[in-house]
Amino acid sequence: MSSNLEFKIQNFKSGEYQCLADLNIYDSPSCQRLATQAATGRHLWVTSNYQDVETCHDASLQVCLCEDDYPGWLSLSDLSLLQPCTVPYKAKTFSESEIKKRLPKVIAFTQKAMQQPNYYLWGGTVGPNYDCSGLMQAAFASVDLRIPRDAYQQEAFTQPIAITELQPGDLVFFGFQKATHVGLYLGNGCYIHSSGKDKGRNGIAIDSLSEQEDEISQSYYQQLRGAGRVVKSYEPQQR
């Protein structure tokens, strides 16, 4: 560890920071597996300090993303990419009509992302490589709408609707015991999503809510569990 970085770590304090670059957030202190990503400009709350780091062997700090309350671990090597917040994050609020007006741009974001070379990335939220719920979160964030991180959280956050009531911009959820996959409804029985290598497209593609299409569309349709409509923007817990 360089003396400059060590000095920065030793003087690092818990509190709210803003990302100066896209950052990886991991699911454990060892920083081996990606949990999510924080795009440039996002706010995060550092919940541990240097004294906590000194008591363990992992070079990481525990953090929580402010916009969606998502927890994880940040590598100490990325501390230089944070700056203290002068203005704390404050969630924006929108009426249902305002949200509806933004949905065409949400859809356009996903379609533009599909045109870029990409592959499925577990934990990916900043592009060009996304996981399913990461693509949804990024698409809504592109118009300042915040939704939770994971598919099951997004399902719980949205207003439940019947499949027969689907409109473009609604979310469709897949899975058995809980939602493990999510896509964005486009209309005409089609949805866009980022799916994995195993029985998926390994990236962003459009599929149909039908058993009459190819094997991949059939596989997801058999797991269809419901749909939801975004009627508000996520408001984080008070700290």
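## About the model

The model is predicted, so a few ground rules apply: local features need pLDDT of at least 70, side-chain atom pairs count only at pLDDT 80 or more, and totals for chains, interfaces and linings use all residues. Residues are numbered from 1 along each chain as its sequence is written, and side-chain values use heavy atoms, with hydrogens and water left out.

## Overall fold

Let's start with the whole chain. The protein has 6 helices and 13 strands; these are DSSP runs numbered from the N terminus, with helices being H or I runs of at least four residues and strands being E runs of at least two. Along its principal axes, the C-alpha trace spans about 60 × 40 × 35 Å. A compact globule of 239 residues would have a radius of gyration near 18 Å, and the 19 Å of this protein agrees with that. The radius here is taken over C-alpha atoms, and the globule rule is 2.2 Å times the number of residues to the power 0.38.

Buried residues account for 49% of the 239 residues, where buried means under 20% relative accessible area, exposed means over 50% and partly exposed lies in between (1.4 Å probe, protein chains only). Turning to contacts (heavy atoms within 4.5 Å), take those between residues at least 6 apart in sequence: 57% of them join residues at least 24 apart.

## Helices α3 and α4

Helix α3 covers residues 96-115 and helix α4 covers residues 132-141; they pack at an angle of about 130°, with their axes 8 Å apart. The axes are lines fitted to C-alpha atoms, for helices over the stretch in contact, and angles run from 0 to 180 degrees between N-to-C directions. The two helices are therefore oblique to each other, given that angles under 35 degrees count as roughly parallel, over 145 as roughly antiparallel, 65 to 115 as roughly perpendicular and the rest as oblique.

On the α3 side, Leu103, Val106, Phe109, Thr110 and Ala113 take part, and they meet Leu135, Ala138, Ala139 and Phe140 in α4. By class, this contact has 8 nonpolar residues, 1 polar residue and no charged ones. In this scheme Ala, Val, Leu, Ile, Met, Phe, Trp, Tyr, Cys and Pro are nonpolar, Asp, Glu, Lys and Arg are charged, and the others, Gly among them, are polar.

How much of α4 is covered? The helix is mostly covered, with 9 of its 10 residues buried. Those residues are Cys132, Ser133, Gly134, Leu135, Met136, Gln137, Ala138, Ala139 and Phe140. The partners they pack against are α3, α5 (151-157), β9 (171-174), β10 (181-187), β11 (190-195) and β12 (203-208).

With 0% relative accessibility, Ala139 counts as buried. Not counting residues up to four places away in sequence, Ala139 touches Val106, Phe109 and Thr110. Its C-alpha atom is separated by 9.5 Å from that of Leu184, 45 residues away along the chain.

## Backbone details

Most residues other than glycine have a negative phi, and most peptide bonds are trans. Against that background, the peptide bond from Gly127 to Pro128 is cis, with omega near 5°. Pro128 sits in the loop between α3 and α4.

The loop between β11 and β12 holds Lys199 and also Asn202. Phi is positive in each: near 60° for Lys199 and near 55° for Asn202. Lys199 counts as exposed at 57% relative accessibility, while Asn202, at 27%, counts as partly exposed.

Gln222 lies in the loop between α6 (215-221) and β13 (224-229). Gln222 is exposed, with a relative accessible area of 51%. Leaving aside neighbours within four places in sequence, Gln222 is in contact with Phe176 and Glu211. The C-alpha atoms of Gln222 and Glu211 are separated by 7.7 Å.

Arg229 belongs to strand β13. Beyond its neighbours within four places in sequence, Arg229 is in contact with Thr158, Gln159, Ile161, Glu165, Gln167 and Asp170. Arg229 and Glu96 are 133 residues apart in sequence, yet their C-alpha atoms are 10.0 Å apart in space.
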